[in-house]
Amino acid sequence: IKVGLEYVAPEDVGWSSQKLEQAKAFAEKINSAAVMVLYEGKVFISWGNVATKYRIHSIRKPLLSALYGIYLGRGKINLDATLVELNIDDIPPSLTNEEKTATVSDLLKARSGVYHEAAAESEDMVETRPLRGSHPPGSFFYYNNWDFNALGTIFEKVTGAKIFEAFKREIAEPIGMEDFSLDDCQYSYEENKSKHPAYNFRMTARDMARFGLLYLRKGNWNGRQIIPQDWIEKSTTAYSLINEEMGLGYGYMWNVVKPGAGFSNILFGGKGGFYHTGVGIHTLSVLPEHKIVYIYRYDTDAEFQDPGEATIQLVSMIMNARQTK
């Protein structure tokens, strides 16, 4: 059932339209493709091409994390299973015995210790990838496409479900995504690097907003528990510290903003939250204490220049447009 999102005037939920107009002008200046912000599930910002399907790049990771939570809740997934138990390997140079002791949980945290080449790696990932065997499984965080891609393979192997079909059936349809289509999803193989493909989604801002709202509601949609609540909590808990100064950690395929530090103090009044970004810089953020879902899209199908810090400035302008109550 496709359920329309509820749209309200900014003043209805405590924001200043006048200040938001300045933020909108700035969003246009930095070539934003679409911006959507929801407060208590109501859309009060909907700028740009909110119905255009752009590649979500790395935001594919929290989508798979959600599926892990659903199937874990059904007893189909064991987070303590090791790669050797699951018969997961890769093209030569194959995984070592030590690498094969990595667990599903290690991969979800990007702490596998497997530094094999992977599909869809960015230049930065390649440059910062540690040497094979340099860290035992579970001991070190590295944002690792090998982990994320192998998790796709593992999910399909242990559940018997295909990622995109499962996402459509378990999440997109129950929460009323209006634009989601299997035709916009594809596996991305680089078989000279790894046997595990990346899994690419295209989505609209308004469908991503629904996904964020599902997390804001702790996995519950109109009385139906889609994702187990304890998984929402576990997966958005920081298991690694990425940047102490900015208060950034990493959970199960989610970036976590720790309260009372860095980003939290600069942007969110000291309150925490969780988010994921993708190339360009696509963003899906959930700020539970503020009751906010924030979606930012950029047209990475055309030639583009990453707006960088300007996207943080935009968030600041939107947060500062909130009227004190």
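Predicted model: local features only at pLDDT ≥ 70, side-chain atom pairs only at ≥ 80, totals over all residues.

User: Where does α2 run, and what is its reach from first C-alpha to last?

Analyst: Helix α2 covers residues 60-73 and reaches 20 Å between its first and last C-alpha. That is close to the 20 Å expected at 1.5 Å a residue.

User: And what follows α2?

Analyst: Gly-75 follows α2, and its phi is positive, near 75°.

User: Okay, zooming out. How many helices and strands does the protein chain have?

Analyst: The protein chain has 11 helices and 15 strands. Its radius of gyration is 19 Å, close to the 20 Å that the globule rule gives for 325 residues, so the chain is as compact as a globular protein of that length.

User: What box do the C-alpha atoms fill?

Analyst: Taken along the principal axes, the box is roughly 60 × 40 × 35 Å.

User: What share of the residues counts as buried?

Analyst: Of the 325 residues, 58% count as buried. As for the surface, the chain exposes about 13900 Å², and carbon and sulfur atoms supply 47% of that area.

User: Switching to charges. How many positive and negative ones are there?

Analyst: There are 35 positive and 40 negative charges, and their mean positions are 6 Å apart.

User: Back to helices! Why is α8 described as largely enclosed?

Analyst: Because 12 of the 12 residues of α8 are buried, the helix is largely enclosed by the rest of the structure. Buried residues there include Arg-206, Asp-207 and Arg-210, along with Phe-211, Leu-213 and Tyr-215.

User: Which residues make up α8, and what comes after it?

Analyst: Helix α8 is made of residues 205-216 and reaches 16 Å from first C-alpha to last, close to the 16 Å expected at 1.5 Å a residue. Lys-218 follows α8, with a positive phi near 55°.

User: Can we pick one residue now? Is Asn-149 buried or exposed?

Analyst: Asn-149 has 1% relative accessibility, so it counts as buried. You'll find Asn-149 in helix α6, residues 145-159.

User: Which residues is Asn-149 in contact with?

Analyst: Leaving aside neighbours within four places in sequence, the contacts of Asn-149 are Arg-60, Ala-118, Ala-119, His-196, Pro-197, Ala-198 and Tyr-199.

User: Nice link! How about a loop residue, say Asp-301. Where is it?

Analyst: Asp-301 sits in the loop between β15 (292-297) and α11 (310-320). Its relative accessibility is 45%, so Asp-301 counts as partly exposed.

User: And what does Asp-301 contact?

Analyst: Apart from neighbours within four places in sequence, Asp-301 is in contact with Lys-53, Tyr-54 and Arg-202. Arg-202 is 99 residues away along the chain, and the C-alpha atoms of the pair are separated by 11 Å.

User: Is Thr-103 buried or exposed?

Analyst: At 15% relative accessibility, Thr-103 counts as buried. Thr-103 is in the loop between α3 (83-86) and α4 (104-108). Setting aside neighbours within four places in sequence, Thr-103 is in contact with Leu-79, Asp-80, Ala-81 and Thr-82.

User: Where is there a cis peptide bond?

Analyst: The bond from Pro-92 to Pro-93 is cis, with omega near -5°. Pro-93 also lies in the loop between α3 and α4.

User: Last one: what is phi for Asn-222 and for Lys-291?

Analyst: Asn-222 has a phi near 50°, a positive value in a residue other than glycine. Asn-222 lies in the loop between β8 (220-221) and β9 (224-225), and is exposed, with a relative accessible area of 62%. For Lys-291, phi is near 60°, a positive value in a residue other than glycine. Lys-291 is in the loop between β14 (282-287) and β15, and is partly exposed at 36% relative accessible area.

Definitions and conventions:
Residues numbered from 1 in each chain as written. Heavy atoms only, no water. Helix = DSSP H or I, 4+ residues; strand = E, 2+ residues; numbered from the N terminus. Rg over C-alpha atoms; globule rule 2.2 N^0.38 Å. Buried < 20%, exposed > 50% of the residue type's maximum accessible area, 1.4 Å probe, protein only. Areas by Shrake-Rupley, 256 points an atom, 1.4 Å probe, with all protein chains shown as cover. Lys, Arg positive; Asp, Glu negative; His and termini not counted. Charge placed at Lys NZ, Arg CZ, Asp CG, Glu CD. Expected span 1.5 Å × (residues − 1). Contact = heavy atoms within 4.5 Å.
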